[in-house]
Amino acid sequence: MRIGRIHPAKIEEMVEKAKEEVAETIKSEGERATLETGVIRTKPRTYKINWKIKI
């Protein structure tokens with residue numbers, strides 16, 4: 001990448017990578033929070049809710 005030049009494709013690539021990392025973090029931390037509450041059977045959608053409660 002040259003100084004002063006912005007490459008939109010590279011920006012889009014980094015945004016997608018960041019979105020994937022955030023989604024993975026939400027899932028893993030949500031799973032951890034769910035296990036800490038003692039819930040055994042749950043739907044994956046509740047991981048996101050539990051993650052939000054955690055933070």
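Of the 55 residues in the chain, 13% count as buried, meaning under 20% relative accessible area, with exposed set at over 50% and partly exposed in between (1.4 Å probe, protein chains only). The model is predicted: local features need pLDDT of at least 70 and side-chain atom pairs pLDDT 80 or more, while totals for chains, interfaces and linings use all residues. Residues are numbered from 1 along each chain as its sequence is written, and side-chain values use heavy atoms, without hydrogens or water.

The chain has 2 helices and 0 strands (DSSP runs numbered from the N terminus; helices are H or I with at least four residues, strands E with at least two). Helix 1 covers residues 8–37 and includes Glu 29.

There are 3 salt bridges in the structure, each defined as a side-chain nitrogen of Lys or Arg within 4 Å of a carboxyl oxygen of Asp or Glu.

| Salt bridge | N to O distance |
|---|---|
| Glu 13 and Lys 10 | 3.7 Å |
| Lys 19 and Glu 16 | 3.9 Å |
| Arg 32 and Glu 29 | 3.1 Å |

Glu 13 and Lys 10 are 3 residues apart in helix 1, so about one helical turn separates them. The spacing of Lys 19 and Glu 16 is also 3 residues in helix 1, about one helical turn. Arg 32 and Glu 29 likewise sit 3 residues apart in helix 1, about one helical turn.

Glu 29 is buried at 17% relative accessibility, whereas Arg 32 is partly exposed at 45%. Glu 13 is partly exposed, with a relative accessible area of 49%; Lys 10, at 38%, is partly exposed.
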